[in-house]
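This report looks at how one protein chain is held together by its side chains. Please keep the sequence and the 3D view at hand while reading.

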Amino acid sequence: MREAIELDTIDRAIIDTLQGGFPICERPYAEVAGGLGIAEADLLRRLQRLLVRRVLTRFGPLFQVERMGGAFVLAAMRVPESDWQRVLAVVNSLPAVAHNYRRESERNSEFNMWFVLAAESEAGIDAAIGQIQQSSGLQVFSFPKLQEYFVEMKLPVRP
């Protein structure tokens, strides 16, 4: 178990504030910092510290790839435990892999490696799948999005 990280009032305010949007302007960090009553350099330092300590695992925009002309797909594989590390390295070596995670479920233990592929086109997705299959020797199962839902989830940080 990881040790608990102490967050002060400003850290909590940063996390709460940045879940609701980010200003589009010449100096967005300065604008956010001003609203929090701190200096821009302090905000940047705190964000970096939260990322390094893994309080935040990611800080950045989410794009709708299809609206920009690209493509993405959820993919899964059946990876034998004895081959997990090798296949993990193969999958994670591709720039098209947005994120990859292990999933163990009693209901569907058939697939244990799940990842998102994002590319400039459907052909790029097909090429990435082909490369993974060729390099790993295992089949990749593609699960394209059939319908999109918007779920806004904000997690307030409480003391």
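A residue is called buried when its relative accessible area is under 20%, exposed when it is over 50%, and partly exposed in between, with a 1.4 Å probe and protein chains only. The model is predicted, so local features need pLDDT of at least 70 and side-chain atom pairs count only at pLDDT 80 or more, whereas totals for chains, interfaces and linings use all residues. Residues are numbered from 1 along each chain as its sequence is written, and side-chain values use heavy atoms, with hydrogens and water left out.

Helices (H or I, at least four residues) and strands (E, at least two) are DSSP runs, numbered from the N terminus. Helix H3 covers residues 40-52, and its 13 residues reach 18 Å from the first C-alpha to the last, close to the 18 Å expected at 1.5 Å a residue, where the expected span is 1.5 Å times one less than the number of residues. Asp42, Leu43, Arg46, Leu47 and Leu50 of H3 are buried. They cover an arc of only 135 degrees around the axis, which puts them on the same side of H3; the arc is that of the directions from the helix axis to the C-beta atoms. On the other side of H3, Arg45 and Val52 are exposed.

A salt bridge is a side-chain nitrogen of Lys or Arg within 4 Å of a carboxyl oxygen of Asp or Glu, and by this rule the count comes to nine. Three of these pairs are set out below.

| Salt bridge | Closest N and O atoms |
|---|---|
| Asp11 and Arg49 | 2.5 Å |
| Glu81 and Arg102 | 3.1 Å |
| Arg86 and Asp83 | 2.7 Å |

Asp11 in helix H1 and Arg49 in helix H3 are 38 residues apart, and their pair links distant parts of the chain. Asp11 counts as buried because its relative accessibility is 1%, whereas Arg49, at 26%, counts as partly exposed. Both belong to a network of salt bridges that links Asp8, Asp11, Asp42, Arg45, Arg46 and Arg49.

Glu81, at 56% relative accessibility, counts as exposed, while Arg102, at 35%, counts as partly exposed. The charged end of Arg102 also sits over the ring of Trp84, 3.8 Å from its centre; this description requires NZ of Lys or CZ of Arg to be within 6 Å of the ring centre and within 35 degrees of the ring normal.
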